[in-house]
Amino acid sequence: MGIGAAFAVLAGLLHAGGAAQGPNNRAQETVINAIKAEGLRSSEAPVLFHTLTDVFGARLTGSPAHLEAARWALERFRRWGLQNPQLEPFEFGRGWELEKLTVEMIAPRYMPLIGYAEAWSPPTAGVLTGAPIYIGDSTAIDIARLDERLRGAIVLTHRQQTEFLRTDRMQPSDGNGPVQTGNPPLPGPSSATPALEMLTRLKAHAAGVALRPGAMEHGTVRVQGNRDTARNEVPSVVLAAEHYNMLVRLVQAGVPVQLRIEVGARFYENDRNSYNVLAEIPGADPVLRDEVVLVGAHLDSWHTATGATDNADGVTAVMEAMRILASVNARPRRTIRVALWAGE
Ligand SMILES: [Zn+2]
């Protein structure tokens with residue numbers, strides 16, 4: 001997180017905020033110099049970024065960690081003298097928090113596996129230990145035949161992952177053509193029975209936990225989740241593709257594999273709201289102050305990491321920009337409002 005990012009935000013804000021023109025050029029220059037001095041000599045960007053990533057860590061929308069981070073940001077806005085600081089509620093759904101995760105191979109040898117529970121996965125019924133059942137090549141009828149064998153079982157639901165996500169989304173700097181927004185297409189895991197039907201069957205047979213491969217390589221696991229996952233769904237863990245593929249190879253070779261899996265998770269259902277953090281520097285121009293320059297970044301992250309670049313860096317840039325503007329007592333003509341969104 002360079003201070004350059006905060007300055008880029010500030011340059012945009014000053015322009016859009018309509019800093020004074022013409023005869024007031026000197027006043028404008030004074031403000032700009034004060035901004036540069038504050039940002040370069042007294043930057044709080046490193047400590048803001050450290051607090052978001054190292055102290056709060058993952059900030060899944062609806063989780064206690066997200067709410068704590070939101071309250072912390074609100075308190076900072078207050079302390080910096082921003083106006084109308086508030087948590088703006090919106091209905092999101094229930095919260096979820098991972099409390100424990102064990103993903104281990106204990107035979108034919110001991111090996112901790114790289115994996116992560118999907119967000120909003122129900123917890124497992126305690127520690128599950130046993131031989132995994134591979135159903136990646138099973139038809140729906142094959143799965144139905146397994147019947148009681150599936151109860152409480154550890155299930156390898158998909159085939160080995162052979163296609164990987166290897167390119168980042170297109171960047172504006174890649175060319176002058178239109179840039180597609182959103183994520184690049186993710187190679188999904190493959191299975192003989194369509195995923196939805198398979199999960200329905202696993203649920204009907206009360207499987208213990210479903211394991212599937214991720215689409216990244218080299219031990220990176222891309223895991224998200226669905227906040228509408230029902231409590232009685234089968235708990236779900238995504239493994240690093242290399243580890244998942246190894247398990248499938250072992251099972252297919254007839255090697256007796258034993259796994260030990262535990263997902264500890266808690267749902268938060270009392271407050272179905274999540275919260276955006278808002279604050280502003282009111283516009284000084286009586287005509288223009290009803291016009292709002294909105295500067296935002298999403299405070300929430302996924303549960304599997306600290307969200308350093310998704311989006312703690314963006315949050316740091318806009319928080320630092322607001323802090324600098326407040327500390328140099330900038331008087332923009334239009335209102336500048338900061339919004340740290342939840343639920344990206
Ligand atoms: Zn994001």
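Which residues are buried in helix 7? In helix 7, Ala241, His243, Tyr244, Asn245, Met246, Leu247, Val248 and Leu250 are buried, where buried means under 20% relative accessible area, exposed over 50% and partly exposed in between (1.4 Å probe, protein chains only). The structure is a predicted model, in which local features need pLDDT of at least 70 and side-chain atom pairs count only at pLDDT 80 or more, while totals for chains, interfaces and linings use all residues. Residues are numbered from 1 along each chain as its sequence is written, and side-chain values use heavy atoms, with hydrogens and water left out.

The protein chain contains 8 helices and 13 strands; these are DSSP runs, numbered from the N terminus, with helices (H or I) of at least four residues and strands (E) of at least two. The C-alpha trace spans about 85 × 45 × 35 Å along its principal axes. Of the 344 residues in the protein chain, 45% are buried. Contacts (heavy atoms within 4.5 Å) between residues at least 6 apart in sequence join residues at least 24 apart in 83% of cases.

Helix 7 covers residues 241-252. From the first C-alpha to the last, its 12 residues reach 16 Å, close to the 16 Å expected at 1.5 Å a residue, the expected span being 1.5 Å times one less than the number of residues. Just after helix 7, Gly254 takes a positive phi of about 80°.

Ser236 lies in strand 9 (residues 236-239) and is buried, with a relative accessible area of 11%. Apart from neighbours within four places in sequence, Ser236 is in contact with Tyr116, Ala117, Glu118, Ser121, Val209 and Ala210. The C-alpha atoms of Ser236 and Val263 are separated by 8.6 Å, and the two residues are 27 apart along the chain.

The chain carries 33 positive and 36 negative side chains, and the centres of the two sets lie 1 Å apart. Here Lys and Arg count as positive and Asp and Glu as negative, without His or the chain ends; each charge is placed at NZ of Lys, CZ of Arg, CG of Asp or CD of Glu. A search of the whole structure finds 20 salt bridges, each defined as a side-chain nitrogen of Lys or Arg within 4 Å of a carboxyl oxygen of Asp or Glu.

In one of these, the closest N and O atoms of Glu44 and Arg323 are 4.0 Å apart. Glu44 lies in the loop between helix 2 (25-41) and helix 3 (45-56) and Arg323 in helix 8 (residues 308-327), so the pair ties together parts that are 279 residues apart in sequence. Glu44 is partly exposed at 28% relative accessibility, whereas Arg323 is buried at 4%. Both belong to a network of salt bridges that links Glu38, Glu44, Glu320 and Arg323.

Another salt bridge joins Glu262 and Lys100 (3.9 Å, N to O). This pair links distant parts of the chain, with Glu262 in strand 10 (residues 258-268) and Lys100 in strand 2 (residues 95-107), 162 residues apart. Glu262 is buried at 16% relative accessibility, and Lys100 is partly exposed at 40%.

Arg201 and Glu197 also form a salt bridge (3.7 Å, N to O). They are 4 residues apart in helix 6 (residues 195-204), so about one helical turn separates them.
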